Amino acid sequence: MIKLLLSTILFCLFSAPLLSQEHSNWKNYPNMGIMHYTVIPDDATEEQNIYINDQFEPSKLTTKENKKLNSIKIRYNVKSDVMECKIGSQHSVIKSPEKIKEINVNGESFEYKKYMIKKDTTSGYLQRMSNGNHEIYAKYFFSSTKDKLGLPKLKSYYLLQNKGELPRKLNSANSLISNLYRNFVKQAKEFEKSNQLDLTNPKDFKKLLTYLDHLNKDIVASR
């Protein structure tokens with residue numbers, strides 16, 4: 001009993017400063033001009049399929065000043081291209097995404113960036129697809145076509161960012177593989193087939209890119 005009491009006291013002593021610091025960060029956060037408090041329903045029953053996942057997921061946020069904020073849950077509203085946040089019981093939305101360096105939503109990294117579609121420049125949230133040598137992103141959107149239930153379909157396309165340039169929309173996942181991983185095209189097709197991947201699905205395409213980046217690292221390390 002005494003050991004248990006001592007352990008509890010020690011935990012409180014060590015964790016209290018961390019909790020206090022975290023609380024202090026969030027107390028000042030809305031005043032940083034990034035997030036605004038708002039009213040957001042806890043579920044997405046009013047409009048289905050406007051989120052990648054309609055549940056608020058464990059997330060981390062890093063500002064351009066490298067301030068890291070945890071203890072937050074976020075869901076990405078694809079239709080309005082807005083990150084909706086939940087801190088405790090308080091709802092907020094990120095109103096100044098240009099001040100954010102990265103938003104990690106349940107392990108997936110999102111960045112707010114300018115990008116090119118043909119000759120037009122626009123801005124929005126892009127999901128980073130590769131941690132290798134290539135800057136590859138996915139952009140989610142809702143198509144005008146409906147599914148069998150009459151709801152809009154969630155779709156995506158991919159972008160490549162060359163050094164010193166804005167990300168540009170790609171024709172297809174296969175064209176990217178042929179250009180950037182030309183030494184591993186055969187392995188890519190075998191991996192895609194054996195794992196039954198759908199390269200139009202960002203989750204599947206990310207699996208393939210991770211595999212190809214590992215192959216590339218192994219070749220470089222063996223030289």
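Reply: In this predicted model, the lining of the largest pocket divides into seven nonpolar, five polar and five charged residues.

Me: What makes a residue part of the lining of the largest pocket, and which residues are closest to its centre?

Reply: A lining residue has an atom within 4 Å of a point of the pocket, and 17 residues line this one, with Ile52, Glu108, Gln127, Tyr140 and Lys203 closest to its centre. The elements that contribute two or more residues to this lining are β3, β7 (108-117) and α4. The space in the largest pocket comes to about 380 Å³.

Me: Why is Phe205 called buried?

Reply: Buried means under 20% relative accessible area, and Phe205 has 0% relative accessibility, so Phe205 counts as buried. Phe205 is placed in helix α4, which covers residues 202-222.

Me: Which residues is Phe205 in contact with, leaving aside its neighbours within four places in sequence?

Reply: Contact requires heavy atoms within 4.5 Å, and with neighbours within four places in sequence left aside, Phe205 is in contact with Met129, Ile136, Tyr158, Ala173, Leu176, Ile177, Asp198 and Leu199. As for Ala138, 67 residues from Phe205 along the chain, the C-alpha atoms of the two are separated by 9.6 Å.

Me: What makes the pairing of Asn77 with Ser80 a polar contact?

Reply: The cut-off for a pair of N or O atoms is 3.5 Å, and the side chains of Asn77 and Ser80 make their polar contact at 3.2 Å. Asn77 lies in strand β3 (residues 68-77), and because its relative accessibility is 7%, Asn77 counts as buried. Leaving aside neighbours within four places in sequence, Asn77 is in contact with Ile50, Tyr51, Val82 and Glu84.

Me: Why is the pair of Glu84 and Arg75 called a salt bridge?

Reply: A salt bridge needs a side-chain nitrogen of Lys or Arg within 4 Å of a carboxyl oxygen of Asp or Glu, and the side chains of Glu84 and Arg75 meet at 2.8 Å, N to O. Glu84 counts as buried because its relative accessibility is 8%, and Arg75 is buried too, with a relative accessible area of 1%. A search of the whole structure finds seven salt bridges.

Me: How do you know that the salt bridge of Asp81 and Lys139 ties together parts that are apart in sequence?

Reply: The side chains of Asp81 and Lys139 meet at 3.2 Å, N to O. Asp81 lies in the loop between β3 and β4 (82-87), whereas Lys139 lies in strand β9 (residues 135-146), so the pair ties together parts that are 58 residues apart in sequence. Lys139 counts as buried because its relative accessibility is 6%.

Me: What joins Arg128 to Glu111, and which network do these residues belong to?

Reply: Arg128 forms a salt bridge with Glu111, with the closest N and O atoms 3.0 Å apart. Arg128 lies in strand β8 (residues 120-128) and Glu111 in strand β7, so this pair ties together parts that are 17 residues apart in sequence. Arg128 has a relative accessible area of 18% and is therefore buried, and Glu111, at 12% relative accessibility, counts as buried. Salt bridges that share partners join Glu111, Lys113, Arg128 and Glu135 into one network.

Technical notes:
Residues are numbered from 1 along each chain as its sequence is written. This is a predicted model: local features need pLDDT of at least 70, side-chain atom pairs count only at pLDDT 80 or more; totals for chains, interfaces and linings use all residues. Side-chain values use heavy atoms; hydrogens and water are left out. Helices (H or I, at least four residues) and strands (E, at least two) are DSSP runs, numbered from the N terminus. Buried means under 20% relative accessible area, exposed over 50%, partly exposed in between (1.4 Å probe, protein chains only). A polar contact is a pair of N or O atoms within 3.5 Å; within protein, one must be able to donate a hydrogen and the other to accept it, and residues adjacent in sequence count only if both atoms are side-chain atoms. On a 1 Å grid over the protein atoms alone, a cavity is a set of points where a 1.4 Å probe fits but cannot get out, and a pocket is an open set with protein on both sides within 12 Å along at least five of seven lines; lining residues have an atom within 4 Å of a point. Grid points are joined across faces, edges and corners, and a volume is the space filled by probe spheres set on the points. Ala, Val, Leu, Ile, Met, Phe, Trp, Tyr, Cys and Pro count as nonpolar, Asp, Glu, Lys and Arg as charged, and the others, Gly among them, as polar.
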